[in-house]
Amino acid sequence: MNCPNCGFPVDGRNLPRTCPKCDEDLIRAKARRPLQVDLAHAGETVETALRKLEAAVSECLWHGHASLKVIHGYGSTGGASRIRPHVLHALQKYAERHGGKVTPDGQNPGAHVLWLK
């Protein structure tokens, strides 16, 4: 991993609290990056996808990530996605519960972003 502020290489396994070169808070910098979870490309059932989503939301909240990109697919291989409507419903519930919002991902029609406060 490189420091997001100055680019100095930092050992990602033994991440220090601050960059040795510029003193950037690496823990906070890591939390500012969005977390990403793919719920649709390993043959997940709806139940499995929702469990993976719950774990990813918990991780986001625990580590202070501002957003979670959720890849749910759009059903290109054989009709409409079975997972998508269930995931979108769950994302709306998480957004309401945590004061956030859900937006479509601008680059992937099979993904949405959960923004947390």
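**A residue and its helix**

Mentor: Leu91 counts as buried, because its relative accessibility is 0%. What you see is a predicted model, in which local features need pLDDT of at least 70 and side-chain atom pairs count only at pLDDT 80 or more, while totals for chains, interfaces and linings use all residues. Residues are numbered from 1 along each chain as its sequence is written, and side-chain values use heavy atoms, with hydrogens and water left out.

Which residues does Leu91 touch, not counting those up to four places away in sequence? They are Leu53, Val70, Val102, His112 and Leu114, where contact means heavy atoms within 4.5 Å. Between Leu91 and Leu68, which stand 23 residues apart along the chain, the C-alpha atoms are separated by 10.0 Å.

Leu91 belongs to helix α3. Helices (H or I, at least four residues) and strands (E, at least two) are DSSP runs, numbered from the N terminus. Helix α3 covers residues 84–98, 15 residues in total. From first C-alpha to last it reaches 21 Å, close to the 21 Å expected at 1.5 Å a residue; the expected span is 1.5 Å times one less than the number of residues.

The buried residues of α3 are Val87, Leu88, Ala90, Leu91, Tyr94 and Ala95. Seen down the axis, these buried residues fall within an arc of 165 degrees, so they line one face of the helix. The arc is that of the directions from the helix axis to the C-beta atoms. The buried residues of α3 pack against α2 (46–63), β2, β3 and β4. On the face turned away from the buried side, α3 carries the exposed residues Pro85, His89, Glu96 and Arg97. Just after α3 comes Gly99, which takes a positive phi of about 70 degrees.

Let us now turn to the wider chain. A salt bridge is a side-chain nitrogen of Lys or Arg within 4 Å of a carboxyl oxygen of Asp or Glu, and by this rule there are 3 salt bridges. One of them joins Lys69 to Asp105, with the closest N and O atoms 3.4 Å apart. Lys69 lies in strand β2 (residues 67–71) and Asp105 in the loop between β3 (101–104) and β4 (111–115), so this pair ties together parts that are 36 residues apart in sequence. Lys69 and Asp105 are both buried.

In another salt bridge, Glu44 meets Lys52, the closest N and O atoms being 2.5 Å apart. Glu44 is buried because its relative accessible area is 7%, whereas Lys52, at 29%, is partly exposed. A salt bridge also links the side chains of Asp25 and Arg17 at 3.0 Å, N to O. Arg17 counts as partly exposed, because its relative accessibility is 46%.

Finally, consider confidence. The predictor's confidence in each residue is its pLDDT, from 0 to 100. The protein chain averages 85, and 88% of the residues score at least 70.

Conventions:
Buried means under 20% relative accessible area, exposed over 50%, partly exposed in between (1.4 Å probe, protein chains only).
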